[in-house]
Amino acid sequence: MNDEYKESFLHMVHTFRKFHSNLPVPSNLPPGEFFTLMRIEKSLKKSVDDDRVNVSCIHHGNGMSMPALSQMLGSLEKKGLIARAVDPDDRRKVSLTLTAPGVSLMTEAKREVDAAVERFIEQFGEEDFKELCRLCEKMNETIKRMDTESPKS
């Protein structure tokens, strides 16, 4: 493969990170905490038990170690955005819920993030955006496959 394509790919990845870091997240939250709140909110919507979701559901596929996730959840809990509850029958199981301030923050933040993404789509073009999403999903699946296939050093 041509070195020019490899450099272009690395530049694109950097640009995606820049776009990601420029999304309008609430000022009192680091981006990682905001995206963890988004993951909790999304999991709650899919949950059979609508008001609670297990920490293991949030951990699966987010790329963070359990200790790092636990530390982040502690920070979100101190800020009053989530509540954690330990299952009395199995202390290893911890469930999460968004508090009223957490729901309020996510409602407002979602409006702002959606507006930013809509502005991007308008400038980029809807069909190109759909193709970009398809290719990014393919890239994500490739990266996941490479992570499971290659030994960690």
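**Salt bridges**

Mentor: Lys79 forms a salt bridge with Glu33, their closest N and O atoms being 2.7 Å apart. A salt bridge here is a side-chain nitrogen of Lys or Arg within 4 Å of a carboxyl oxygen of Asp or Glu. This is a predicted model, in which local features need pLDDT of at least 70 and side-chain atom pairs count only at pLDDT 80 or more, while totals for chains, interfaces and linings use all residues. Residues are numbered from 1 along each chain as its sequence is written, and side-chain values use heavy atoms, with hydrogens and water left out.

Trainee: How many residues apart in sequence are the parts that Lys79 and Glu33 tie together?

Mentor: Lys79 lies in the loop between helix 4 (66-78) and strand 2 (82-86). Glu33 belongs to helix 2 (residues 31-46), so the pair ties together parts separated in sequence by 46 residues. Helices (H or I, at least four residues) and strands (E, at least two) are DSSP runs, numbered from the N terminus.

Trainee: Is Glu33 buried or exposed?

Mentor: Buried means under 20% relative accessible area, exposed over 50%, and partly exposed in between (1.4 Å probe, protein chains only). Lys79, at 36%, is partly exposed. Glu33 has a relative accessibility of 8%, so Glu33 counts as buried.
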